[in-house]
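Please examine the sequence and the structure shown here before reading on.

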Amino acid sequence: MASLILLTLTVTCMFSLYPSIALDPKISLPRSENEDLELHSSGMSVTNNTHLQNYIVHVDLPYGKADSLPFQELESLYYSFLPSTIAYAQRRTRMIHCYRHVLSGFAARLTPEEVESVAKKEGFVSAAPENVYSLHSSRSPTFLGLQQNTGLWRDSNQGRGMIIGVLDTGIALNHPSFSGNGVPPPPARWRGRCDLPSTTCNNKLIGARTFFAGDTPADTNGHGSHVAGTAAGNFVSGANVFGQATGTASGIAPLAHLAIYKVCPGRDCPGNAILAGMDTAIGDGVDLISLSIGAGSTPFYNSELAIGTFSAIQRGIFVSCAAGNSGPTGASLSNEYPWALTVGASTIDRNIRATAVLGNWVELNGESLSQPNNFPSTTLLPLVYLGRTGNQQAAWCFANAFNNVNVRGMVVLCDDGGNIGRVAKGQNVRNAGGAAMILVNEEINGDSIPAEPHVLSTTLVSYRDGTTIKTYINTTPFPLATILFRGTVIGVNGAPEVASFSSRGPNQASPGILKPDIIGPGRNILAAWPFSVDGTTTRATFNIISGTSMACPHLSGTAALLKTMHPSWSPAAIKSAIMTTSTLFNNDGNPITNQNKQLANYYELGAGHVIPSSANDPGLVYDIQPDDYIRYLCGLGYTNQQVSTIARRSILCSPGFAIPEAQLNYPSFTIRLMSNFSQSFTRTVTNVGDAISSYTVTVIIPPQVNVVVTPNRLNFTGVNQQLTYTVTFSRAVATTGIFQGYLTWASSFRYAVRSQMSVTLAGDVGRF
């Protein structure tokens, strides 16, 4: 009888790990008002039993034992932690996932009382309710300087041989972006499988798994397909949405392989499924993991994403993560841990233009994905703003604002906001007989404008231009307006710009690490979609959406190209190359700005905007070994148990072992000076450029801060040689504030290796 019971439990947990089924209910999440389907923490999962919660349970196993134990022994060990009060018939529904690679432990449905019982077992480490996370282009490869048959795309064979694991909402079936045409077979190290029909799986789409009972890896949401297509979609000519943004769509690494892990059944992504997806991806042999998923700031030992991604980089797997869509509010980041690349969002140089023309012939450019060809653009129509009397609901174009108001045949000006969608505002205008709508962006979003489909002729203009329109209305007896629909415009000046929704620093979980790390294209990005949004009947269905979820796969694809070129580089080396070769300037040659046309600070743009071709030949890299992060975690003040949970082995955080955040060999500096005393930190750079080379340092910093670098010259005599330098920070004046600059190691005219510096002068400055 005992063996029969053991067999039942074995089969249950094996299906939990390998077909990877979880028992969480599916929770729907409404589409974000401003951005894409962003992924945010919403606390613990809800179950049908109000006393049961999904817990992540960590247990103490010798380092590497979970990886080496036969699966039946491992799961039997995990089952031994369940309380004896749980009937055997119930145990198979209580155990959700048994983890092998990402952590030593399991996910189970338990009551708080049962957790207390589990905690008394020998080998128990910790247990906590799981977090629930949420989901955070025909032009963007060209905007990033990637061209067929030349440069990095030619040299890297467009990512040939790389396997990108995408954890998201699944994949669109039989979409041409995921065709295997021209893609070689997967490498021999691939150990995964594709749980889709054989006609869907191919040399491009080599893996597809789901982690939910009764589900398939098919994408019914769209987010996952868009992310996968952006990272590594194959070439599809004639891609467009509503006839706009027409061109050849492709991902950044179009010949890389895709392994899909469906960890989000909708807009919410349970932590147990995310861990199961990463656990499976690591075992399958992926080279990179792309996570357009996030939550609010949380200590790393309590974050499934932080724990899982650390296990990935320990095995040499590069991880890129979305920074979050909670901007422009400060300190709003997701994924703040230093071992992953945290990606903010920028604009590209393409508009889907719709121009508001006023009766005084002032033209104000906006955007709209809908470009009607039957709108009388040459005819000026009466222009009305219902909010001019101070009624805020009327300004927002609520449905009741049109009661007893005649707007038939008029252009109606509406303010964005009020918890009513932009498309819904247009429907209200249309229902009232309005001919067109001019939407005014919220002040907080400035000039950051999404291109969206609308139900009537519409343009969304910037907050600044909306103010111009309101002034015109208030000073004109009979205001008039129309809209000119100009379609797709390429080469727009001022790009890139930091998108308003892109989450900002400073880093709350680790204030001494500058985040985001980088920005990349994330606003109005065209990529694969599982169903038609514009009535097309072809399989080549695309959509244009925005978010850091779209920026992240641009960097995943970039990292795949770099890993193809430099297979021996560690994840930290690839990250360093991307960061230190980025640009701080837009296509006008001016400094990158934010949504308000103000100079972007480092909490907004990180190291700068990615330039893939420059990252391929950085000259120097700042490398970090996995054990260095463990010393850094001790320096955060975490307990031995908390660090051990992340490291998956017993760690003793002695004073001589721990290092301060600023001492981590990171490609940037974030310093806080509390007094008149100076602080010194070292960095070690590895030469990956010319064997015989000499680098000289230049420091650009506001005069309130003194920065001294010693030595000021680095002379290399070989490739992979490492040299160390020291940076000393001190106050120059008795003041407080945040001051930002950078240091650059330059070698002749070929290399310029730049590290951002953010210095906070705080506290009692004393006397000078």
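A charge sits over a ring if NZ of Lys or CZ of Arg is within 6 Å of the ring centre and within 35 degrees of the ring normal. In this predicted model, arginine 631 places its charged end over the ring of phenylalanine 657, and arginine 683 lies over the face of phenylalanine 669. The table gives the distances.

| Charged residue | Ring | Distance from the ring centre |
|---|---|---|
| Arginine 631 | Phenylalanine 657 | 5.7 Å |
| Arginine 683 | Phenylalanine 669 | 4.1 Å |

Rings may also pair with one another. A pair of aromatic rings is described by the distance of the centres and the angle of the planes. The structure holds 18 aromatic pairs. In one of them, the ring centres of phenylalanine 81 and phenylalanine 106 are 6.4 Å apart and the planes stand at 45°, so the pair is tilted. Phenylalanine 81 belongs to the loop between helix H3 (71-79) and helix H4 (88-94), while phenylalanine 106 belongs to strand E3 (residues 105-110); the pair therefore ties together parts that are 25 residues apart in sequence. Phenylalanine 81 counts as buried, at 6% relative accessibility, and phenylalanine 106 is buried at 0%.

One aromatic cluster is formed by Phe300, Tyr301, Phe310, Tyr337, Trp339, Tyr629 and Tyr638. Leaving aside neighbours within four places in sequence, the contacts of tryptophan 339 include Phe300, Ala306, Lys575 and Ile646.

Conventions
Residues are numbered from 1 along each chain as its sequence is written. This is a predicted model: local features need pLDDT of at least 70, side-chain atom pairs count only at pLDDT 80 or more; totals for chains, interfaces and linings use all residues. Side-chain values use heavy atoms; hydrogens and water are left out. Rings of Phe, Tyr and Trp (its six-membered ring) pair if their centres lie within 6.5 Å; planes under 30 degrees apart count as stacked, over 60 as edge-to-face and the rest as tilted. Helices (H or I, at least four residues) and strands (E, at least two) are DSSP runs, numbered from the N terminus. Buried means under 20% relative accessible area, exposed over 50%, partly exposed in between (1.4 Å probe, protein chains only). Contact means heavy atoms within 4.5 Å.
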